[in-house]
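Let's walk through this model together, one piece at a time. Keep the structure open beside the text as you read.

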Amino acid sequence: MYKQKSELFEQIRTFHKQVSEFYSGLIEKAENQRVEMLLNYLIRYEKLREEFLIKYEEVAPSKVMNSWVRKPSNKLSNYICGCFKNIENLSSYSVDDIVEMELHFDNCLVELYEELAVEEATKGNDTNIFYCLMKKTKQQEMNFSRNVNGLYDL
């Protein structure tokens, strides 16, 4: 089955929205103020990632966004749901727990983008947006890891 890139972007945007809402629900389970600060940071962070995809779609040529990618829709949805199933439900959360979750969600995205980038590369397209998104996510993950180290110093 094939899907248009715009449809894939919509599902990925929904993923970011779900992660943001998930973090919002964890605030009441925060062990301390540092965890609450980290959760608020991640809520904004995921919203910014969602907004980035929206802005990209607005400026991307319609030819790019309307192009087709061989990807079963249910497989993508199942993959995204699987990322949430692998999160342990605790009664309270530490900074380490939240960091581990965010890295897990980032790894889910990287794997998804890698798979889509490979599919895109087989088509011989000059622009492989999924490869670019994978690289951007890996960079964001490194930045997040560096930024969160400051939280331990508080």
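Buried here means under 20% relative accessible area, exposed means over 50%, and partly exposed covers what lies in between, with a 1.4 Å probe and protein chains only. Before going on, note that this is a predicted model, where local features need pLDDT of at least 70, side-chain atom pairs count only at pLDDT 80 or more, and totals for chains, interfaces and linings use all residues. Residues are numbered from 1 along each chain as its sequence is written, and side-chain values use heavy atoms, with hydrogens and water left out. Helices (H or I, at least four residues) and strands (E, at least two) are DSSP runs, numbered from the N terminus.

Start with α6, residues 129–152. Its buried residues are Ile129, Phe130, Leu133, Met134, Thr137, Gln140, Glu141, Phe144, Val148 and Leu151. What sits over them? The cover for the buried residues of α6 includes α1, α2, β2 (68–70) and α5. As for its length, α6 has 24 residues and spans 35 Å from first C-alpha to last, close to the 34 Å expected at 1.5 Å a residue; the expected span is 1.5 Å times one less than the number of residues.

Now bring in α1, which runs over 5–26. The axes of α1 and α6 are 12 Å apart, and the two helices pack at an angle of about 20 degrees. Axes are lines fitted to C-alpha atoms, for helices over the stretch in contact, and angles run from 0 to 180 degrees between N-to-C directions. That angle makes α1 roughly parallel to α6, given that angles under 35 degrees count as roughly parallel, over 145 as roughly antiparallel, 65 to 115 as roughly perpendicular and the rest as oblique. On the α1 side the contact (heavy atoms within 4.5 Å) is made by Lys5, Leu8 and Phe9, and on the α6 side by Ile129, Phe130 and Leu133.

Leaving aside neighbours within four places in sequence, phenylalanine 130 is in contact with Lys5, Leu8, Phe9, Val69, Tyr113, Leu116 and Ala117. Phe130 also turns up in the largest nonpolar core, which has 43 residues; there Tyr23, Leu38, Ile98 and Phe130 touch the most other members. A nonpolar core is a set of buried Ala, Val, Leu, Ile, Met, Phe, Trp, Tyr and Cys residues joined through side-chain atoms within 4.5 Å. At least two residues of this core come from each of α1, α2, α3 (62–65), α4 (73–85), α5 and α6. Which helix gives the most to it? That is α5, with 12 residues.

Leu38 leads us to α2, where it is one of the buried residues, along with Val35, Leu39, Leu42, Ile43, Tyr45, Glu46, Arg49, Glu50, Leu53 and Tyr56. These buried residues pack against α1, α3, α5 and α6.

Arginine 49, in helix α2, is buried with a relative accessible area of 6%. It meets glutamate 102 in a salt bridge at 3.3 Å, N to O. Glutamate 102 is in helix α5 (residues 95–122), and the two partners are 53 residues apart. Both of them are buried. Aspartate 106 pairs with arginine 49 too, with the closest N and O atoms 2.8 Å apart. Since aspartate 106 lies in α5 and arginine 49 in α2, this pair ties together parts that are 57 residues apart in sequence. Aspartate 106 is buried as well.

Another pair is glutamate 114 with lysine 138, at 3.9 Å between the closest N and O atoms. Here the bridge ties α5 to α6, because glutamate 114 lies in the former and lysine 138 in the latter, 24 residues apart in sequence. Glutamate 114 is partly exposed at 35% relative accessible area, and lysine 138 is partly exposed at 36%. Through shared partners, salt bridges join Glu46, Arg49, Glu102 and Asp106 into one network.

Definitions and conventions
A salt bridge is a side-chain nitrogen of Lys or Arg within 4 Å of a carboxyl oxygen of Asp or Glu.
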